[in-house]
Amino acid sequence: MSAPVLETENLVKVYGRGESRFDALKGLTFGIQQGESVAIVGKSGSGKSTLMHLLALLDEPTAGVVAMNGRPVSQLKPAQVSELRNDTFGFVFQQFFLNANQTVLENVILPLKIAGVGKAERKRRGMEVLEQLDMADKAGNRATDLSGGQKQRACIARALVNGPSVLFADEPTGNLDTATGEVVEDILFGLHRDRGITLVIVTHDDDLAARCQRRLLMQDGMIIADDSGEAVRSAGAGVGQPSRQGSRRVGGPGRHAAPVVVDGRGPDTGQGNDGNQGNDGNPEGQA
Ligand SMILES: Nc1ncnc2c1ncn2[C@@H]1O[C@H](COP(=O)(O)OP(=O)(O)O)[C@@H](O)[C@H]1O
Ligand SMILES: [Mg+2]
């Protein structure tokens, strides 16, 4: 089997220090295969978003390894990490993070603009994804003039415009009514089914989680259940043990490797593409 598209080893995230220290992730080791659909579930505060941001290379761990396609991200230069993220990942968030003063099309093509794609090509690709999401007639609308479901479809269009192979979604239906949420879910799982896009979905919604092939249940910064059948290795249980793949380690000799250094951008933009450098502007690598 090929290396997992994403893999962690003993992933640790600590917020704050001293009295305000909070151990948000306590040493997680698991992998996500290309083409899987994975739900990250658990109570509020259990570390779901923290984990997603680390997997998506939007934030850096305090310790431990994140590897993509078998390669620890810490071995890459910051510009390479940005490029990888831009080329490989799409992001959908509960709060939409659309620029209210721009049109739907302008919002959707932002990642292409940042990647340096020319104007005509941006428009062509932007309209293409909007058409795929039945949103072409809204291309010229201001983003504020959309319903919640339309906003989330615009966000999915923006997430897809660079041709990602992994789509991260943090509570993608959290701000939508049930019927609209189902439409958005259908779009996400359609992308998974038809294009083989890997889905990593943080959700409180049991029905949404049930549609995924696999659920990782988090509690207090640990994965306490993984119904893929993989042995759960979290926190104390797994630290210092051989990785579950045995022969293949991530992170080379340094099991407790130095924190992965990305380009210092936090997850607060809700987009993950803005400000990245080094994108080669080729979004055609659709899975
Ligand atoms: N930037 C931060 N600084 C300090 N604590 C944080 C920060 N981000 C998250 N936390 C804390 O880490 C824990 C996990 O947060 P989060 O990953 O957002 O949980 P979830 O998404 O499961 O609700 C929470 O207790 C939260 O308060
Ligand atoms: Mg969260």
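**Figure 1. Strands β6 and β7 pair in the parallel sense.** In this predicted model, five bridges hold the pairing of β6 with β7. Five of the five residues of β6 are buried, so the strand is largely enclosed by the rest of the structure. F89, F91 and F93 point one way from β6. G90 and V92 point the other way. Every one of these residues is buried.

**Figure 2. Six strands make an open sheet.** The order is β6-β7-β8-β3-β9-β10, and the pairing is mixed. β6 (89-93) and β10 are the edge strands, each pairing on one side only. On average, neighbouring strands of this sheet are turned by 20° against each other, direction ignored. Helix α6 packs on the sheet and touches β6 and β7 (166-170). The direction of α6 makes about 165° with that of β6. Strands of a sheet pair through backbone hydrogen bonds, either parallel or antiparallel.

**Figure 3. Strand β8 pairs with β7 and with β3.** β7 and β8 run parallel and are joined by five bridges. A169 has I201 of β8 as its bridge partner. Strand β3 (residues 37-42) pairs with strand β8 (residues 198-202) in the parallel sense too, over four bridges. Here A39 has I201 as its bridge partner in β8. S37 stands opposite L199 in β8.

Figure 4. Five of the five residues of β8 are buried, so the strand is largely enclosed by the rest of the structure. T198, V200 and V202 point one way from β8. L199 and I201 point the other way. Both groups are buried. Helix α7 (residues 178-195) lies across β3, β7 and β8. α7 runs at about 160° to β7.

**Figure 5. The largest nonpolar core has 72 residues.** Those with the most contacts inside this core are I40, V108, L130, A157, L167, F168 and V200. Helix α6 (residues 148-160) gives the most to the core, with six residues. Leaving aside neighbours within four places in sequence, L130 is in contact with V104, L105, V108, M135, A136, A139 and A157.

**Figure 6. A shell of residues surrounds ligand 1.** The shell holds Y15, G16, F22, A24, G42, S44, G45, S46, G47, K48, S49 and T50. Three of its residues are nonpolar, eight are polar and one is charged. β2 (22-32) and α1 (48-55) each supply at least two residues. Which of the elements gives the most to the shell around ligand 1? α1 does, with three residues.

**Figure 7. Helix α1 is mostly covered.** Eight of the eight residues of α1 are buried. They are K48, S49, T50, L51, M52, H53, L54 and L55. Among them, K48, S49 and T50 also belong to the shell around ligand 1. L57 follows α1, and the phi of L57 is positive, near 60°. An α-helix has 3.6 residues a turn, so residues three or four places apart point the same way.

**Figure 8. G221 sits in a loop between two strands.** The loop lies between β9 (214-219) and β10 (222-226). Is G221 buried or exposed? G221 counts as buried, because it has 24 C-beta neighbours inside 10 Å. Leaving aside neighbours within four places in sequence, G221 is in contact with D23, A24, L25, K26 and G47. Of these contacts, A24 and G47 are also in the shell around ligand 1. V12 and G221 are 209 residues apart in sequence. In space, their C-alpha atoms are 8.8 Å apart.

**Figure 9. The whole protein chain gives the setting for the close-ups.** The chain contains eight helices and eleven strands. Buried residues make up 49% of its 287 residues. Consider contacts between residues at least 6 apart in sequence. Of these, 75% join residues at least 24 apart.

Terms used: Residues are numbered from 1 along each chain as its sequence is written. Chains are lettered from A and ligands numbered from 1 in the order in which they are written. This is a predicted model: local features need pLDDT of at least 70, side-chain atom pairs count only at pLDDT 80 or more; totals for chains, interfaces and linings use all residues. A residue is buried if 20 or more other C-beta atoms lie within 10 Å of its own, exposed if 12 or fewer, and partly exposed in between; C-beta atoms are placed from the backbone. Two residues are in contact if their C-beta atoms, placed from the backbone, lie within 7 Å. A residue is near a molecule or strand if its C-beta atom, placed from the backbone, lies within 6 Å of it. Ala, Val, Leu, Ile, Met, Phe, Trp, Tyr, Cys and Pro count as nonpolar, Asp, Glu, Lys and Arg as charged, and the others, Gly among them, as polar. A nonpolar core is a set of buried Ala, Val, Leu, Ile, Met, Phe, Trp, Tyr and Cys residues joined through C-beta atoms within 7 Å. Two strands pair if DSSP finds at least two bridges between them. Axes are lines fitted to C-alpha atoms, for helices over the stretch in contact, and angles run from 0 to 180 degrees between N-to-C directions.
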